[in-house]
Each structure stands twice: as C-alpha cells, then as structure tokens.
Amino acid sequence: MFNRRLVSLIIATASLLLLTIDAKTLDPYKVLGVERNASQREIQKAFHKLSLQYHPDKNKAKGAQAKFAEINNAYEILSDEEKRKNYDMYGDEKGNPGFQAGSPGDHGGYTYFTNGGPGHNQFTYRPSDWQSMGGQGGSKSFSFSFGGPSDGPSPSGFSMNDIFSNFFGDNSGAGGQFGGFTGSSRARPGSQSTPKSIRALNSQVYKKEIVDRGMTWLLFSYTTSLKGHQHVESMIEEVASSLKGAVKVGSVNCDTEASLCKDLGIYPRRMPRVFVYSYKASEKGLLVEYDGDWGAKPLKSFCQDHLPRFSKRVDLNFLKSSSVTVDKFPTVVLLSTKKDTPVIWRVLSGLYHKRIIFYDVQVQDASDPTVKKLGVDALPAIVGWLSNGEKHVLKTGIAVKDLKSAIHDLSGLIEGFEKKNKKAASDQSKKASTDSRENQIPLLTKSNFDALCGDKIPVCIIGAFRSFKERKKLESVLNTVSQKSLSRQQNSAHGRDSISYTLLDATKQASFLNAFDKAGFKSLDKVLVAYKPRKGTFAAFEGEITTEEAEKFISAVLNGDIRFTRTRQSPLLI
C-alpha cells in the first residue's frame, strides 16, 4: 500500500514538474503572439489581452491554468529588458545558455531553460532514468532548476517542500508561486515585485500633488505579498497611455505607507485595488474605487466619466447676454460641434479651476450670425472675456494632434490669457488708485495751507476730527459732496468748484480752531467749518454730519443763506 502511494505521489509530482517545465521552455514571443522586435507597448497589450482570456477566475476550461502560467512566464521575461536580452542571446532569461551540452562531470547532461541559481533547488533526470517510466535511453541528461531557497537537497536532487509550496503556499503566509497563482482558494496573476514604471506615492506627494489640484489620478494600492501586480500595472499603463495628459497614475505600497492606506481606506484585500481621484460628484476631489470588469477599455471609460466637470454647458443665447462678464476671473468659452463637453475642455477646466471661468457651447457651424458677430471664422474656437468685459478671440480652427499635445498647447493659450487679465486688472487698479488720490480729501498742513485755505480761495470747508473713526466719516462725506456741482463755477486752477475741501486733526491743531471758537470746539468729536480767508469770517455746523446735512450746509454757505461771524484771530497751523 505504501509503495502504491509512493508511486502515485511520484507520478503526480512528475506531472506537475512537466507542467512547469513546459511553461518555462516555450518561446515567450510565440506565447504572447508577438514578433521578436515587438515594442514594450505591443508586448503589454498582448499580455493584457491573453491574461484576461485565460485568467483562472474567468476561464474554467481545461488547460486554461497551464496557458495562464505560460502567459505570465512569457511576460515576466519580455517585460524586463535584461531578461529579454538574455533570452534573445542565450535562450534563457538568466543569461545562461538555454539548451546545451552539460559541463564535465555531469555525464553530458543538459541545462534546460533554468530559473534557478546558486543556492536554489535543482531537479535532474538522465535519459536512463526515463527507461523505468517507459522512456527511451540515451547518452545525455537533463537538468531542471526551480526558483526558491533550498531547504537542503533530497536524494533525488530537489526539495519536495519547494514543489508543493509552489502550489499551496509556504508557512510564511506570503504564499508560494506556480505559474503566477497564489496559495489562496482563488488564484491571482502576477509576481511579488513592486510596480516598475508607475510612480510610487507617499503621504506628502498625495497631499501636495493630488488633493484638490484639479487633476484626475488613477491609483492602485498593493502589498508586496499580493499577486496581480503585472496584470493591474499593465492595464493601468495602457489606460494612462491612451489618456496621457488627462490622467496621471500612481501606486501606493501599503507595506511602507500603512498610515496613508489606513487614512484613505484603500488597504488591499486579496489583490491590488484600483481607484480614481474623481471630480465627478463635487468641486472637491474624492477617491472612487473601480469595481468594473478588469479590462483597459472599461477602466478607461470609468476614468473619462470621472474627469472634472467645471465647464458649464450653455447655448448661444448666453453669448448674446452680458452675463459672460465677471468681476474677478476671466472667462473662456469653447465653441464646437460636439454634443457633449469634449474631454480636453473638461481636463482644462480642472487644471484652471478657481482661476478661470469655463463654458462650452455646441454650434452647428461658423456661419451662425452669433458666431460671426463674435469674430469667429472657424470651429472649434475659443473666445475669452477679461474680467473688465473686454472680449478676445483666442483661437479658431483648432487642430488636435493628440490629447497630451492639445492639453499642453491650450494650457499655454489659457495661461497667456490669464496673464493678460492680471495686467488689465493691475492697470485698472492703478487707474482707480490715481482717481482715488485725485478725489481724496487732503489733510490741512502748513505746506498746503495757502493752496487750500489761502486768500485766493473764496470758501474753505474744513472738517475737523478728533479720532480716526470720525476722520473716515468726514472724508467720505466731503468726498461725496465735493463731486457734486453746487452753485459756483469750477475753479480752473484746482479743477473743482470755487470752494476747497480739507480735513484738520483737532487734537494736533487746537490753536487753529481757537481762532473760530474760544474753546476750540472741544466738546465736539467733529465739526464742519466754512472759512472765508479774504473776509476773515466763518460759519460752523455742529450737528450730525451726514452727506445730506453737509450738502445743505455747504449749499447755504455758497448761496449766502447763512450768517458768517468774524474770526477771533487769523488761524495759524503749527
């Protein structure tokens, strides 16, 4: 009974060995169906297509698992430039001759497409050994090497523990590997190596470059003990390549970035998880997990669906109204024949969100009267409005070579328009500042006394204050009143009515006010004094100084409807 079980075990083991050997000895180019000069892009596409077709979770047909093992092994060789170079030169990815006469001392044995190395298990058969199993004798032997650390060779030249751990996993919990399958109840593709060409992300990068930056990111999380990297990475790279410029990609190793994975809730389970940093639901981005079919096409559609939507869809009537003009940000409008907002415009609306206002309009053709009125002669076209309402035709007859170059070129166009808007806003601010200074009510000092309250001035209106708060109130009132034409002709020398307006700091110029009132109006926080320098007379308004009351007082002064009193002395400034 024991002998029978032993024979059965040996036969089963030999079958498994042959299955592995077959996967290792097949030409990887033929397995993936690509030419020997195929590009990495072509190899990725072929692997992606075949791995989907023969994935154990989807294909239960007899031989699918063996085929899947071949596909994974072939991609492992051809996706690594060094292994591919070695295979092309020697027929073996390790750089050893793949099938050659044995070295002295091994009785003319063959090294047969090895995957081992120093310290690895090796299993050797000689032709004479096959006779006992129905094979044919000969003068040469074959050597097969299997990866994994050696637990010590068995009498037959290999460790039984290694063979079975390839199927069922070892005791470490990481699982063994056989043709890309894990030791779990459900097989997964890939290897334990980390992603090679996708950028690794950490907390700092995530916060600085991803969170609310307006760019859509395609991310996947993993741990080094999980299988499935090759398959997921290949799929993501294919999507990223087709959406280059619109989507960025990154990976998070939850072994080294455990806190980030925990905070984001992206810790992987039995295989890597895929997420999109989306702007579909709100202006603030959020991570949305992909749970669709494992394929580049559905994942690409998922990414496109989650691109920013900050461009508002409007009709041509919108362009006829004045609502295009905004107070703070410039506005750009895309005119195209597209039924929906183009992908390029959605990407740009995310990149320049909170800096530019985006709209898009569907137009039948450039002959539309409204389109012609805008100055557009060819579609697609972009028209912009500065924050001051000034219109500019930014570009017409836009030609798109590819997504990445189009986004780059139009980004330059929009940034140039943004700079123009900043300059226009700066010029407008300078002009407003100049106008404000021209209309500002000056503070009365010794240096400007003659210009404001000298003998050449018929009437000088002085607003005296005792606090900063009262100064601002008086300044606002007098500035408003001074802009109105009362009853005198403008004084050509000063560009104002034949009346001057000035402010006086009563706390510093008490002696000046003593010329009008013995107490210097000390009981008042503010007072309005009309002074006639030539006659040496004055009138004062001591009530609540509002714009309306100040205008009535000044009108009465200019019309002679108010009684003036001679000053106690000539007012002097210190």
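Is Phe-449 buried or exposed, and what is its relative accessible area? Phe-449 is buried, with a relative accessible area of 17%, because buried means under 20%. The model described here is predicted.

## Aromatic pairs

Phe-449 pairs with Phe-512: the ring centres lie 6.2 Å apart and the planes stand at 80°, so the pair is edge-to-face. The two residues come from distant parts of the chain, 63 residues apart. Phe-449 belongs to helix H16, which covers residues 449-453, and Phe-512 belongs to helix H18, residues 510-514. Phe-512 counts as buried, at 0% relative accessibility. Both rings are members of one aromatic cluster, formed by Phe-449, Phe-512, Phe-516, Tyr-531 and Phe-538.

The count of aromatic pairs in the model comes to 14. Another of them joins Tyr-290 and Trp-294, whose ring centres are 6.2 Å apart with planes at 85°, so this pair is edge-to-face. Tyr-290 is buried, its relative accessible area being 6%. Trp-294 has 21% relative accessibility and counts as partly exposed.

## Salt bridges within helices

Side chains of opposite charge can pair when their charged atoms come close. The structure holds 13 salt bridges. One of them joins the side chains of Lys-67 and Glu-70, with a distance of 4.0 Å from N to O. Both residues sit in helix H4, residues 64-78. They are three residues apart, about one turn of the helix. Lys-67 is partly exposed, with a relative accessible area of 23%, whereas Glu-70, at 16% relative accessibility, counts as buried.

A salt bridge also connects Lys-552 and Glu-548, where the closest N and O atoms are 3.7 Å apart. Helix H19, residues 547-559, holds both of these residues. Four residues separate them, about one turn of the helix. Lys-552 has a relative accessible area of 48% and is partly exposed, while Glu-548 is exposed, with 53%.

## A salt bridge between separate elements

Which residue forms a salt bridge with Glu-289? The partner is Arg-269, and the closest N and O atoms are 3.7 Å apart. Glu-289 lies in strand E7 (residues 286-289), and Arg-269 lies in the loop between helix H10 (258-264) and strand E6 (273-278), so the bridge ties together parts that are 20 residues apart in sequence. Glu-289 is partly exposed, with a relative accessible area of 28%. Arg-269 is exposed, with a relative accessible area of 57%. Both residues take part in a network of salt bridges that links Arg-269, Arg-273 and Glu-289.

## Charged surface and a loop contact in space

Arg-41, Lys-45, Lys-244 and Lys-404 form a positive surface patch. Of these residues, Arg-41 is found in helix H3, residues 40-54. Arg-41 counts as partly exposed, at 30% relative accessibility.

Ser-225 is placed in the loop between strand E4 (216-222) and helix H9 (229-242). Its relative accessible area is 36%, which means that Ser-225 is partly exposed. Ser-225 and Arg-270 are 45 residues apart in sequence, and their C-alpha atoms are 9.6 Å apart in space.

## Backbone details

Most residues other than glycine have a negative phi, and most peptide bonds are trans. Which residues does a cis peptide bond join? The bond joins Leu-379 and Pro-380, with omega about -10°. Pro-380 is in the loop between helix H14 (369-373) and strand E11 (381-385).

Asp-212 is not a glycine, yet its phi is positive, about 55°. Asp-212 is located in the loop between helix H8 (203-210) and E4. With a relative accessible area of 37%, Asp-212 is partly exposed. Lys-354 also has a positive phi, about 70°, although it is not a glycine. The loop between helix H13 (343-351) and strand E10 (357-362) contains Lys-354. At 61% relative accessibility, Lys-354 counts as exposed.

Notes. Residues numbered from 1 in each chain as written. Heavy atoms only, no water. Patch = residues over 30% accessible without salt bridge, like charges linked within 9 Å, V, L, I, M, F, W, Y side chains within 5 Å. Areas by Shrake-Rupley, 256 points an atom, 1.4 Å probe, with all protein chains shown as cover. Lys, Arg positive; Asp, Glu negative; His and termini not counted. Charge placed at Lys NZ, Arg CZ, Asp CG, Glu CD. Buried < 20%, exposed > 50% of the residue type's maximum accessible area, 1.4 Å probe, protein only. Phe/Tyr/Trp six-rings, centres within 6.5 Å; stacked < 30°, edge-to-face > 60°.
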